[in-house]
Every structure is written in structure tokens, then in C-alpha cells.
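Q: I'm new to looking at protein models, and I'd like to learn how to read one. Could you walk me through it?

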Amino acid sequence: MRFDLNEDQSTYATFLEQMLAAPDTGFQPVEGWGRYDYGTALDAQLDENGFFDAAREEELGSVTAALMVYEAAQVPVCIECAASALIRPFLGRDVSRPLAVVVDDAPGAIRYLPQAKGLVSITATGVRYADLPEGAVQPVESLYAYPMGTVDRDALDWTALDVDTGDLRTLWQVAVAAELAGVLKAGMDAVIDHVRERRQFGQPLGAFQGVQHRLATAAVEIEGARLQMLKAAQSRSAQDAAAALGYVQGVATRITYDLHQFMGAMGLTLEHPLHRWSYRAKLLRADLGGSSASYLAYATERWGAA
Amino acid sequence: MDFTWTEDDAAYRARIKDFLARELPANWDEIARHGPGSPEQTEFSLEFCPKLAAEGLLIPHWPEEWGGAARPPWEHFILGEEMWRAGEPRGGQYMNVNWIGPVLMKYGSAEQQAQYIPPMAEGKAIWCQGFSEPGAGSDLASLRTRAVREGDDYVINGQKIWTSYAGLASTCFLLAQTGGAEGGRSGIAIFLVPMDTPGIEVRAIPSLIGHGDIHEVFFTDVRIPVSTRLGEEGEGWTIISYALANERVGIPRYEMGSAELDSMVAELQRRGQFSDSVVRSRAAAAAAACEAARLQVYRVVDGRARGAAPGNESNLARVAVVAAEQAVTDFGMDFLPDGFSGSDHMSMLSHHERAIVTGIAAGAAEIQLNLVARRHLNLPKGA
């Protein structure tokens, strides 16, 4: 039981931190009231330097990949990281990235589809992969702070992959939990900066105990989510992953509400980055059936089928 | 990062489980039903702890010069986790081995060490902690019990409250003011007071958490020799801070909660009531809250094991533990409401009875939230 990073993980984390702090990863309003800003330069830089391959390296492993998803989720630009870091290394074949994922044939638009080179489908019966030909994806306008798109899935050229579908589902649960914990952390940090500075009634908002306790509770929950997610990334057990995802999806609704509450009207604007995290959280908290579905899966793992 | 147990740690846990399975009596549920602070369990600890000591499982983390084996912090923690999972058969003696003993090793005189440490190491000493007062709860430094020096003695007057184990304790770890009228942290000293000293009166307080669990202790012209003072006058707060650092993570209530959850689920399964999605999902939510707390507590222990400076992780962990315990209790109350009545489900009854104290004992949860806000999130202090 060790919570510190090993030497390789530390080195990786230090370089990752530097890349994520590059000037072009900062917040810039997008013309035309755009709700997301795809970090093309950051994506390329991380790719060229092999950051998406952490899970393939023994000394780094899937824990480091999960940590990357958590960290990358915290910049105001978005990049397709979760599938590249935690699904792509386990497909048993080389595929291009960015990558999009759909689970249980969930209907509707899929995040990162407009950027994706390929689509992975995870269902109870197996895992399939299809390249996305040029022009196949229709971008969809969305309230979420993700690039979203649809594709005629029946028209794609699918290949069945020889991988354990349960294992891939577990990895995707970890990936979603990592990204959700990351966007919540980033939103909380932005709100903390705001309430330290913003003064009303003669003192900073953050000095009011009604604000302090709710943010402190959020901090405790996000940390609990982060640690469960990392444990699940290492164990790759269905039970750990279900607990991690159910937990972070369960706390996300109230935390997101509080973050916007404390940011006040400023948080309603597209000139402040809070929405870049909170509107990703709104999608992620409902992913894979949401908290209740994850918890039902957990109950079956721990106490047997209903 | 590594969230797995070493083979040694896993073997150590198995050894403790074996010992408990072997040594806890058939009527242990009935004894444990009264709770770790009850007279029943305190008396039981006087039988049980000497057996633990003989097995080398009472003070394995203590230095060798005090009869321990200098075992690492993780083993000490695993021991505590298994004891609490079983309902804490050490009763109040867990305090001795966790912090009173180590504090005496660091701050005690040779005479105090010789008098008090060997009985703790043998599992035969019951202590109580004289901390809270009617006017000093969360704000402990405002305590007013006063010790006035008279020649080679101190004379103590004042009142303590919510004192666990006082009914059967032989010694009190007492905080009192020796400083000027202004009081506060700088005036606090600690005294090791024999509970049979004339002028001490103990009254049990009828409470929701079990009979004989909490007490008022009155000190009226209690005369004790200077040799009972631990450390110097004014050093009390430093010593308490050291003691609390030893006890950074508190009781592993998530472990009791998790064990209780398993037994509640087993009961619901027996009744054919664990197939409903709402029930299953709520059980899992409580379990996940326990895991969130467990990992935050483990992170504190890991820091201690690696000799890292204590950070704010313990404040976060304490909040998480309270949330976990509440989630488990809410689950039980919602789906097994009969757990509060009758005697068919003793561990459930006992758990529900005591869970109410989780956010209050050893410092209110709101104080922990204040500390998380100020120290961890660096939020400003109010006007």
C-alpha cells in the first residue's frame, strides 16, 4: 500500500504537468459562442511524446494512464485522452487516435467523434472496432462542452476484436471516472480562486462558512473519487471500477450545482472557463447508465446477482 | 502507487483474524452489543488484552525497550482495523496502546514510565481522558478545570464531561489550567491522576449510545503530588498535539461500517428482500462511501509509514469516515428499520445505537470541515 509515485511515474507526471501548463492550453473564449476548445496543439504534443502509451509500460502501467486522464481533464481546452490512454493500449492491435467509444450501443451523439479516427464499441457480447472514413461523421451542436458527433453505425466496417469485453468495460469505467473526477477538481479549483478574491459584505465569499463547508465537502469527495479511481486502475477489477464510477457520478450532481452557485452570474458566461468543466461533468455523470447503474453492477460483484 | 497488500501484511491480517476467531467467546455478540465504552466490554478487555499481549499482538508497534517489537505502522494499523471490525474487544485499552503509552514514553518521568507503562503492556490498565468540559468541547483550549500549586502538591478543582471509561478507569489523563486567569493553550498542563484520589466523583450520564458509556467527572479539592504532572506547566498543548498526531486517523469506523453492511445485506438476502434495484444500489452507495473513506485513511497511514510530515489528509479522512458511517446507518434504517428493536440483530442494534456519535466524538465534523477549508483549500478566515 503506497500512495506516492515511483520514480518513472514521477518523471512522467513532471513532464505531463509541464505540457499541460503550456500557454496554448489556457482558457480562450471561442468565437461564435463556442462551448469547447479542442486542444489540437496539446493533443499533438502529448501524442508525439508517447504520453498516451503509459499503460503499455510496466513501470508506469494503467494507474499512470488513469492519472493522465485525471490531469488532462483539468485544462480548459479539451483533448481526447480517456480512450487513448486506457482503451487503445488494450485493443490488441494498433489503431489511430483520437478514438471514440460507445458502450451498449447507446443512442445519440458520441463525444470526440468529430476528431476521432476510429470508433470502439463495447457491448456484453464483444468489442468491435471501425475506422471512421472521411466525411462519415456528422458534427452535432450540443450544450455539453465536448465536440459531439453522430455516424451511421450500420454503415461502418466493423472488426471484432479478440479481447475480454468485461476487461474493456472496466477500463472504460475507470477512464470515465478519472475524467469526471478531473473536471470536478478543475471546476472546484476555479471556484476556489473566485471565492478567495470576490468580496461581498466586507469579506471574501470564501470566508463564509456556508461556502467553506460545501467546498470542503466537495474536496473530500473528489479526493475519495480520485483514490478509488486509481485503485481500480491498478486492480482492473469490475467491483473496484463500479464503486469508483458510481461514487464520482453520485457526487457530481451536487458538486456541479455548488460550483455554479458559488461562481454566481460570472459562471453563466462563456467568458469564464467553469462551463468547460461543469458541462463535461453533466455528460460524464450520466455515462454508462449513471451512478445507479454502476452501483447495481457493484452490488452484483460484491453480494451476488439479484 | 500500489494499492495491494504485501504478503507480510496479508499474512499478519490473517493471523489476527485467526486469533480473534479462536479467542472471542461464544457470547461475544452479547458483550459487544453494549459497545467499546460499556462496563461489560471494559471488563472483558481485562481478560482479553492479556491474551493479546501473550500473543505479541497488544503492543507490537512499541519500541523493544518497552516490550514491543518495533513493528511498522502498517501492521499497527491493520491490527486496529481488525479489532474494530470485530467490535473492538480491547475496549478502551486501544487508547493506551495507540497514544497514552507512546506519550508517556516521550514525555513521562522515569517514575511515571515505570509505574504506568508495564500495566498497559500487560493489558491490565484502564484509563480515561479528562479533556472535554461543559464549556470546552470543540474549543478544547478554553477548558477551565484548574490545578493550583501548593508546595509539593497541586489542588484540582473543576469538571470534566463526556468522559468515556471513567466508571472503571484507574487513571485519568487530565488536562487542567495552571496558568494565569487568561487561560488558553499556553496555560494547560497534564496530570496523571489516580481515580481513587479523594475528591473525585464520577457520574454516569444516561445516553443514547449505551449505558455506562459517558460520564461527568467532578474534581473537588483533589490533592495530588507534583510528581503526577506529565511534562512541564504550559507544555500540555504540545503534548496533546503529539498525542493526536499519533492518533491521526481515529477509529476505522468505515471498517465497522463495511462489516455491518455485509451483515445487513445477508439479513436482507435471508428475507428475500435484496433483489430490488433501489435496495441494491443504496447498499453499493454505502459501500463506495466506505471505500472512499478507507483509501483516504490509508493515505494518512502511508504518509506516517514513510515518515512524511503530517499534512491535511487526516482532516479530509475524518470527514470521509463520518460520511461513510452515515451512509451505512441510513441504509440500515431505511431497509431494516426493525434493527432498532428487539435483540435478534445485536450487531445491527449496537451499530445503529452508536453511529450517532460518529460526527461528534474526537472533534466535531464541522471542525474538520473548517480545517479542510482553511488549511487544505486555503480559504480566507472570516471577519
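Q: How many cavities of 30 Å³ or more does the count come to?
A: Here is the general idea: rolling a probe the size of a water molecule over the atoms shows where empty space is left. In this structure, which is a predicted model, the count comes to 3 cavities of 30 Å³ or more.

Q: How much space lies in the second largest cavity?
A: The second largest cavity holds about 70 Å³ of space.

Q: Which residues line the second largest cavity?
A: Look in chain A. Among the lining residues are Glu80(A), Cys81(A), Leu99(A), Val101(A), Arg111(A), Tyr112(A), Trp172(A) and Glu179(A). Three elements of chain A each give two or more residues to this lining: α4 (82–86), β1 (99–103) and α5 (165–197). Of the elements, β1(A) gives the most, with 3 residues.

Q: What classes of residue make up the lining of the second largest cavity?
A: Sorting by class, you find 8 nonpolar and 3 charged residues, with no polar ones.

Q: Now for domains. Into which domains is chain B divided?
A: Residues 7–125 of chain B form domain 1, residues 128–234 form domain 2 and residues 248–376 form domain 3. Let's take domain 2 and domain 3 of chain B, whose centres, taken over C-alpha atoms, are 31 Å apart. Their contact takes 4 residues from domain 2 and 6 residues from domain 3.

Q: What area is buried between domain 2 and domain 3 of chain B?
A: About 400 Å² is buried between these two domains, and carbon and sulfur atoms give 69% of that. On the domain 2 side, the residues losing the most area to domain 3 are Ser138(B), Leu208(B) and Ile209(B), together 89% of what that side buries. As for salt bridges between domain 2 and domain 3 of chain B, the count is 0.

Q: Let's move on to the two chains. How many residues of chain B and chain A are in contact?
A: The contact joins 47 residues of chain B to 45 residues of chain A. Together the chains bury about 4,200 Å², with 65% of it on carbon and sulfur atoms. Met1(B), Phe3(B) and Arg280(B) supply 21% of the area that chain B buries against chain A, more than any other three residues.

Q: How many salt bridges does the rule find across the interface of chain B and chain A?
A: There are 3 salt bridges across this interface. To see a salt bridge for yourself, find the side chains of Arg299(B) and Glu223(A), which meet at 3.0 Å, N to O.

Terms used
Residues are numbered from 1 along each chain as its sequence is written. Chains are lettered from A and ligands numbered from 1 in the order in which they are written. This is a predicted model: local features need pLDDT of at least 70, side-chain atom pairs count only at pLDDT 80 or more; totals for chains, interfaces and linings use all residues. Side-chain values use heavy atoms; hydrogens and water are left out. On a 1 Å grid over the protein atoms alone, a cavity is a set of points where a 1.4 Å probe fits but cannot get out, and a pocket is an open set with protein on both sides within 12 Å along at least five of seven lines; lining residues have an atom within 4 Å of a point. Grid points are joined across faces, edges and corners, and a volume is the space filled by probe spheres set on the points. Helices (H or I, at least four residues) and strands (E, at least two) are DSSP runs, numbered from the N terminus. Ala, Val, Leu, Ile, Met, Phe, Trp, Tyr, Cys and Pro count as nonpolar, Asp, Glu, Lys and Arg as charged, and the others, Gly among them, as polar. Domain bounds come from an automatic or database domain assignment. Contact means heavy atoms within 4.5 Å. Buried area is the accessible area (1.4 Å probe) that two parts lose on being put together, summed over both. A salt bridge is a side-chain nitrogen of Lys or Arg within 4 Å of a carboxyl oxygen of Asp or Glu.
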